[in-house]
Amino acid sequence: MSSADIYKELILDYYRNPKNFGKLEKFDIDARDTNPLCGDELEMQIRVGEGRKIEEIKFTGKGCAISQASASMLTELAKGKPLDWVKQLSKEDVFKMLGNPDLGPSRVKCALLGMKVLKIGVYGYLGAQYEDPDPTL
Amino acid sequence: MLKTEVIDIEKVRADFPILKREVHGKRLVYLDNAATTQKPQQVIDALVDFYSRYNSNVHRSVHTLGEEATAAYEASRAKVARFVGSVPRELVFVRGTTEATNLVRFAWGEKNVKAGDVLVTTLMEHHSNIVPWQLLARSKGATLKFVGLKPDGTLDMASFEALLKEAPKMVAVTHCSNVLGTINDVAAICAKAHSAGATTVVDGAQSVPHMPVDIAAIGSDFYAFSGHKMLGPTGIGALVARKQLLEEMDPFNSGGEMIREVFLDHSTWNEVPYKFEGGTVNIADSIGLGAAVDYLTSLGMAKVREHEVRLLDYALQTLSELKGFKVYGPGDVAKRGGVISFNLADVHPHDLATILDEEGVAIRSGHHCAQPLMNWLDVAATSRASFHVYNSYDDVDALKAGLQKAGAIFKV
């Protein structure tokens, strides 16, 4: 893997100036998770609007550039989308969003933490349980 | 290659086959020794020799292989005990430091700690010297209290003295911090703790591999360390304890090996230390640890320490020239082990480790199993470079070059 390839301008920009960073005053979904391996923390809050769409979404957290940029970009992508879109979201979508960096197995977890928190929150709201497909990944 | 001139670095490096490998096309620069060290050929050979020549169970088989295995296992115990200033009778082989502290928790703690007791540890401990005491306190209704730290990353002895006034049942402290590198005066701490009536537990995971250690002189009741951090195999370590304490304690792992007689309604225990070595022991790795001790003894632990002090001194000087470089722990190299925890501006340690890995440089990044200490430092994580006998000034230079690259990528 090439670090110049991973740490593109885009990732660094989102790391230092994350979009949708903060808390919502009113929200319907509040989910958080940590990556025990590296201590990355992430919390997402969502206000659900008409037609079960993501009306507002914000996140807070601390962690590496990959986890924080990925979470921020994901909130931008998710805003305005129906909740069902979250159910369809795949890790390939996240990799594509990040520009398909060549990440090693431990860093993949950083990249996917945002998606995991988003899914935990939305699945819970929909009365379902989100199961991490491969927790040992 | 610039040498510290304390040990013959080229000869030492030739003993470690893994150092010949490349990572991402670069020379491997292994600076994650506080997590685990590499193994010299002598240790690898000892393991292969055991399995290919005299593999057998110990203590019961009277055939030739059994006798040879038992002799090698006990010779290893004697070697390891001598290496740390103890005697074979007082050295229990365990899987590692974590198993050692858990042995103390169950075999000593369950019997001796009562509701309302105070247990003391410190803010600079590895989780293996915190969590067992948390669980012990919870199961007994005792309270776990923490010795604070001073801004330079040394123990706040005033807070320690204040806690001693509460007559703690136990004081658990690390000999050398795996994050800050702080070397604690454990002899003085144990003496004071004993005067207050406490039983003492010392975590030697980061001291025994790096400096001369004399447990008799320290005077601790329990002293724990791991083999894999001192050039030995994984899965083997030791708990050194006063014989009288071991004799008073109940067994930990019960079953074979640790018994004297078994009846239907009760059993009697084997003598110490065998009472605490239930089941088939880790014979091969114990012998491998003996080979590691031979290797370190041949170099001389005072020289190993001096080698690391020089590397540390050089590294602290040259790395502090980097923009945004912040190091944690005492500035005086005489008071710290060969561990440097640091951060580089706002670059997260995991990003740093990824960039360094591309340069063949292996460091540790994260909370180092010391989350209370991370909270005290007010950081989520740090990067950590740690040395052993095969590291050179060149390795420090490679680390610096990697950090410069990371700084450029992140526009520090």
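This tour moves through the two chains of the model, stop by stop, and says what to select at each one.

The model is predicted, and for that reason local features are described only where pLDDT is at least 70 and side-chain atom pairs only at pLDDT 80 or more, while totals for chains, interfaces and linings use all residues. Residues are numbered from 1 along each chain as its sequence is written, and chains are lettered from A and ligands numbered from 1 in the order in which they are written.

**Stop 1: chain A**

Select chain A, which has six helices and three strands; here helices (H or I, at least four residues) and strands (E, at least two) are DSSP runs, numbered from the N terminus. Along the sequence, the pattern of chain A reads α-α-β-β-β-α-α-α-α. Its C-alpha trace spans about 45 × 30 × 25 Å along the principal axes. Of the 137 residues of chain A, 40% count as buried, where buried requires 20 or more other C-beta atoms within 10 Å of a residue's own, exposed 12 or fewer, and partly exposed a count in between, with C-beta atoms placed from the backbone.

Next, select A:Asn20, which is found in the loop between helix 2 (9–16) and strand 1 (29–35) of chain A. A:Asn20 is not a glycine, yet it has a positive phi of about 60°, and it is buried, with 20 other C-beta atoms within 10 Å.

**Stop 2: where the chains touch**

Show both chains together: the contact takes 15 residues from chain A and 13 residues from chain B, two residues being in contact if their C-beta atoms, placed from the backbone, lie within 7 Å. On the side of chain A that touches chain B, helix 1 (3–6) and helix 6 (105–125) are the elements that give two or more residues, and helix 1 gives the most, with three residues.

**Stop 3: a helix pair in chain B**

Two packed helices are described by the angle between their axes and the distance between the axes. Select helix 2 (residues 41–54) and helix 10 (residues 283–299) of chain B, which pack at an angle of about 150° with their axes 8 Å apart; axes are lines fitted to C-alpha atoms, for helices over the stretch in contact, and angles run from 0 to 180 degrees between N-to-C directions. Among the residues that make this contact are B:Ala46 and B:Phe50 of helix 2 and B:Ala291 and B:Tyr295 of helix 10.

Then select B:Pro273, whose place is in the loop between strand 12 (267–269) and helix 10 of chain B; a cis peptide bond joins B:Val272 and B:Pro273, with omega about 5°.

**Stop 4: B:Thr97**

B:Thr97 lies in helix 4 (residues 97–112) of chain B and is buried, with 26 other C-beta atoms within 10 Å. Its contacts, not counting residues up to four places away in sequence, include B:Ser128, B:Asp203 and B:Gly237. B:Thr97 and B:Ser128 are 31 residues apart in sequence and 7.3 Å apart in space, C-alpha to C-alpha.

**Stop 5: a sheet in chain B**

Finish with the open sheet of four strands in chain B, which stand in the order 13-14-17-16 with antiparallel pairing; two strands pair if DSSP finds at least two bridges between them. Strand 13 (325–328) and strand 16 (364–366) stand at the edges, each with a single partner strand, so one side of each is left without a neighbour in the sheet. Strand 14 (residues 339–344) and strand 17 (residues 382–386) of chain B are joined by four bridges, and the bridge partner of B:Ser341 in strand 17 is B:Arg384.
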